[in-house]
Amino acid sequence: MLQAGLMHQTPASQQLHSPQHTCGLRHPERVPVRHTTLTRQHPRKSRLRAASEDEVDFSASYEEGKRRKLIDSGGAGKSLTSPGWLTELGRLWGGKSDVPVADAKPDDIKDLLGGALFRALYKWMEETGPVYLLPTGPASSFLVISDPEAAKHVLRASDNPNNPIYNKGLVAEVSKFLFGEGFAVAGGEQWRSRRKAVNPSLHRAYLQTMIDRVFGPSALHLADKLQVASEAGEALDLEACFSQLTLDVIGKALFNYDFDALNTSSPLIQAVYTALKETESRATDVVPLWKVPFLAPLIPRQRKALDSVALIRRTTEELIAKCKEMVDAEEQARFGDEYINEADPSILRFLIASREEVSSVQLRDDLLSMLVAGHETTGSALTWTLYLLASNPDKMAKAVEEVERVVGGKQQPSMQDYTQLRYLTRCVCESMRLYPHPPVLLRRASIPDTLPGGYGVPVGQDVMISVYNIHHSPAVWDNPEAFEPERFGLEGPTPTEQNTNFRYIPFSGGPRKCVGDQFAMMEAVVSLAVVVKKFDFSLVPDQDIGMTTGATIHTTNGLYMKMQQRQSAASPQPAAILAR
Ligand code: HEM
């Protein structure tokens with residue numbers, strides 16, 4: 001089954017010959033995507049209707065969809081097959097709701113809890129339409145959204161002071177044990193004021209410093225490790241390597257702390273992984289025992305998670321204390337919008353030097369939010385981009401040609417080079433279209449709402465925006481399963497939620513959009529540029545990579561590759577090799 005997760009990928013051979021997009025950019029700020037609208041003609045089928053203009057007006061299709069809806073009085077979509085028990089419960093629960101209910105069988109739900117969430121959600125989208133109710137118990141359900149216009153509506157109304165309809169809901173519940181007061185899960189005024197304080201720390205001068213001093217050098221450390229394996233003729237698990245790399249990067253960028261995860265295994269690193277795993281497990285627990293506080297110390301998994309969080313918090317508090325001492329010792333910390341301390345350009349340093357009124361617990365939890373949000377996400381984006389490039393030799397050849405031309409004899413790209421690595425940037429974008437991290441975004445309605453097109457959303461309803469479905473929908477993208485970085489024209493802007501009208505939302509959108517999007521793109525492109533410049537990568541044949549989901553889409557069994565140093569990269573050698 002896990003293998004099947006990758007089976008719906010278009011085979012590399014077909015991708016090589018897949019027709020290229022020809023639609024040009026008519027609007028300089030718009031990225032060409034398939035100009036179609038999803039029209040619900042039948043609850044089990046959707047058909048494509050070509051739109052005549054750049055911008056798609058979804059309102060017409062919603063109206064048509066509403067007219068054609070085949071909803072019975074119980075609120076469930078008409079089903080030709082015998083519905084499962086969950087659907088029955090959904091019918092009872094659905095009452096007057098007009099949202100079609102997914103024909104969810106127990107097996108499907110098992111799939112979902114096992115981590116293959118996106119596949120089940122996709123199937124129900126095909127059967128039921130772009131907005132449906134997924135019953136998950138007698139009194140619980142998700143309203144699943146796979147439509148860009150409805151996603152835009154919900155994301156823009158999330159923690160929006162002028163239109164406060166949705167909040168983070170379940171996400172906040174399952175990760176509170178780790179994030180605490182952190183702004184990634186907080187809501188309302190607490191979130192707003194902390195996001196305002198953190199945002200400026202990611203200014204352009206900081207990102208430039210990160211490229212030169214963190215992204216490039218950390219990727220060169222990875223190259224050292226790859227070189228050793230290459231000389232020994234060994235295969236390495238690149239997913240594990242990228243996870244180590246991105247932990248090293250985020251540690252330095254946030255705290256000026258070197259986890260050195262590429263070379264060592266410390267209890268702290270293990271603690272970060274354990275805590276992350278626990279958030280994933282909590283989101284899919286059938287019986288959420290973690291909700292019962294007095295039980296936690298009695299359950300080994302919970303105890304381990306809580307011990308891990310305690311270790312992470314202690315370490316972060318120590319780093320904050322040290323940094324505070326340094327800032328206090330400075331005669332006059334010159335602080336401005338683009339403040340950077342030469343010796344310590346970290347975000348922690350910026351936040352302390354800004355002397356914002358903030359409790360140390362809040363500061364600690366904000367940093368932890370960024371550590372967690374910025375680690376596995378970027379690691380997974382790197383993993384799947386390299387996988388896709390290795391599976392598509394013609395795309396890899398184009399990427400390598402660009403890197404060699406732009407970066408030339410240097411070991412790592414500069415900020416200026418980064419802006420010229422346009423094809424490689426689009427490879428990362430396209431990989432995040434096919435493998436979005438996270439594949440779903442969760443929200444909860446804090447007041448009753450109506451989606452564009454008329455579906456009602458009751459107060460307290462959990463909403464799941466399936467980014468995966470939107471990114472894979474044939475109604476939204478031409479040839480959606482193919483890896484085609486070219487679909488985002490080289491001359492135009494890189495795709496964002498804005499210039500694709502929420503068809504492309506790997507960093508979400510609206511007020512809760514990722515704060516680290518630029519950081520992540522630079523980190524991913526620079527890291528890939530460094531390694532593809534030095535090595536040819538080949539997938540170990542016949543491996544069962546598998547695909548599963550949690551906070552990100554990751555492999556089930558790792559991504560094993562062999563590296564061979566490129567002729568053109570024979571000199572200069574990676575730093576550590578020279579030192580040997
Ligand atoms: C490829 C890498 C990344 C991806 C795909 C990604 C994706 C996302 C997404 C989808 C959200 C919004 C979730 C929602 O709407 O519920 C988000 C939020 C966030 N991300 Fe990222 N992210 C990445 C890298 C980073 C990095 C490197 C950092 C830090 C430097 C970061 C920090 C955050 C924070 C703090 C939030 C919460 C923002 C808020 O709630 O106000 N992310 N990310």
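User: How are residues numbered, and at what pLDDT do local features count?

Analyst: Numbering starts from 1 along each chain as its sequence is written. As the model is predicted, local features need pLDDT of at least 70 and side-chain atom pairs pLDDT 80 or more, while totals for chains, interfaces and linings use all residues.

User: Which residues come nearest to the ligand?

Analyst: A residue is near a molecule if its C-beta atom, placed from the backbone, lies within 6 Å of it. Of the 22 residues around the ligand, Ala373, Gly374, Ser508, Cys514 and Gly516 come nearest. Helix H15 (360–391) and helix H20 (517–534) are the elements giving two or more residues to this shell; helices are DSSP runs (H or I) of at least four residues, numbered from the N terminus. H15 gives the most, with 7 residues.

User: How do the axes of H15 and H18 cross?

Analyst: Axes are lines fitted to C-alpha atoms over the stretch in contact, with angles from 0 to 180 degrees between N-to-C directions. The axes of H15 and helix H18 (residues 422–434) come within 9 Å and cross at roughly 105 degrees. The two helices H15 and H18 are therefore roughly perpendicular, a term for angles of 65 to 115 degrees. Residues are in contact if their C-beta atoms, placed from the backbone, lie within 7 Å; here Ala381, Trp384, Thr385, Leu388 and Leu389 of H15 meet Cys427, Val428, Ser431, Met432 and Leu434 of H18.

User: What is the angle between H11 and H15?

Analyst: Helix H11 (residues 238–255) packs with H15 at about 145 degrees, their axes 8 Å apart.

Key: Angles under 35 degrees count as roughly parallel, over 145 as roughly antiparallel, 65 to 115 as roughly perpendicular and the rest as oblique. Two residues are in contact if their C-beta atoms, placed from the backbone, lie within 7 Å.
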